[in-house]
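Open the model in your viewer and keep the selection tool at hand.

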Amino acid sequence: MTVLGTRALNRATLARQYLLDRADTSVCDAVAHLCGLQAQEPQEPFVGLWSRLRAFEPTELDEALTGADVVRTHLMRRTVHLVTAEDALAWRARHEPMLCQRVLATYRHELAGIDLDEVAAAGRAVMADERPRTMAQLVQALEDRWPGPPRRALGELLVAALIPMVQLPPRGLWQTTAGVRNLPLATWLGRVVDPLPSDENDPVGQQLVRRYLAAYGPAASADLRSWCGLAGLPAAVGAVREELLTFRDGRGRELLDLPDAPRPDPDTPAPVRFLPAFDNAILGYRDRSRIIDDAHLGLSVAGHRVVLVDGRVRATWTVRDKHLHVTLLRPLAASEREAVSAEAAALTAFLPQDISGVDITETDG
């Protein structure tokens, strides 16, 4: 079985994440290809798309959100994602047990003994008037019936698990600060969530496998589980296995991949890219060694924005006092530093903070 080294996996990830070459595609097509973008920080997807699309204009994402082509909703790993309306409808039922389990695991004692079906029915009845509500407003309408659980626990159960919800614009629009107002997904889109097929081969899971590999492969089954949060995908993987190629990584793990997906030469040059917090390219795997060193893994879950140099995380970045500050995690060659400076200058022209300069410094550690 062919062994794919770390650099080969890195270049495959960059190519499929549109980070090796910026893509000439629409925002909706990019969001679909990437299987969504993590978006709990509302402005971060704009940087993620700017780094991936050749002619990205923030107004295109704004229009996709206000036009209900793209939605903000809880999905993979119970985190807020930007996904296409089609994917939200197709995938939501497959994710619902995981969403409930994760809320109940977080609030195990607070929600002990609660009847989930009863709470869900009551929540849907409140939202039937088609009025957007904050989580607090929804809980307030129900707290007489469930006075025991803390408001936060009951609210997250309703909004993130029991009722498929959309976070409505202006939340998530460019240069906009807005609180979360929730509306049922079916109300916003005018279509019901697709029911979960009873087929034991898990056709929705099969779609997730194929789509994940197109955007993240080659990857192990454990990487797929880490990305979506779904444990019960063996039937789906088994059903599509004959379609797939198999490899090994340097650690001996079996990797799966689509036959016609790009696997560039490991020596393909990789440009500098500035990534937002919680970017797909890092969080989409259980084993993130293809893109980030073990010593820096904490950056990927702590919300640090990072810079890729030669395809790997080599710096963090932030905007402070009208300067874009780049903090290197290791010294760079002169040519690498020049490339970081050039991409930073391009990013400052895109960002709205009226940035007057770029500072590149060594890590404090």
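Start by selecting Arg 152, which is exposed, with a relative accessible area of 51%. The classes used here are buried for under 20% relative accessible area, exposed for over 50% and partly exposed in between, computed with a 1.4 Å probe on protein chains only. This is a predicted model, in which local features need pLDDT of at least 70 and side-chain atom pairs count only at pLDDT 80 or more, while totals for chains, interfaces and linings use all residues. Residues are numbered from 1 along each chain as its sequence is written, and side-chain values use heavy atoms, with hydrogens and water left out.

Arg 152 forms a salt bridge with Glu 156, with 2.7 Å between the closest N and O atoms; the term stands for a side-chain nitrogen of Lys or Arg within 4 Å of a carboxyl oxygen of Asp or Glu. Glu 156 is buried, at a relative accessible area of 12%. Both residues sit in helix α8 (residues 151-162), and because they are four residues apart, about one helical turn separates them. Helices (H or I, at least four residues) and strands (E, at least two) are DSSP runs, numbered from the N terminus.

Now select Asp 223, Asp 249, Arg 251, Arg 253 and Asp 287: salt bridges with shared partners join these residues into one network. How many salt bridges does a search of the whole structure find? The search finds 31.

Next, go to Glu 86 and Arg 191, whose side chains form a salt bridge at 2.7 Å, N to O. Glu 86 belongs to helix α5 (residues 85-106) and Arg 191 to the loop between α9 (185-189) and α10 (203-216), so that the pair links distant parts of the chain, 105 residues apart. Glu 86 is partly exposed at 47% relative accessibility, and Arg 191 is partly exposed at 38%.

Stay with helix α5 and select Arg 94, which lies there, together with Asp 202 in the loop between α9 and α10; the pair therefore ties together parts 108 residues apart in sequence.

Turn to the cysteines. With a disulfide taken as a pair of cysteine sulfur atoms within 2.5 Å, the count is zero. Cys 228 is in no disulfide either, the nearest cysteine sulfur, that of Cys 35, being 10.0 Å away. Cys 28 is partly exposed at 25% relative accessibility, whereas Cys 228 is buried at 0%.

Finish with the strands, where pairing requires at least two DSSP bridges between two strands. Strand β11 (residues 312-320) and strand β12 (residues 323-328) run antiparallel and are joined by six bridges. Select Arg 320 to find His 323 of β12 opposite. Two residues lie between the strands of this hairpin, and Asp 321 takes a positive phi near 55 degrees.

From β12, move to strand β13 (residues 357-362), which pairs with β12 in the parallel sense over six bridges. His 325 stands opposite Asp 359 in β13. Finally, select β12, helix α15 (residues 334-350) and β13, which make a right-handed β-α-β unit; right-handed means that, with the strands pointing away from the viewer, the path from the first strand over the helix to the second runs clockwise.
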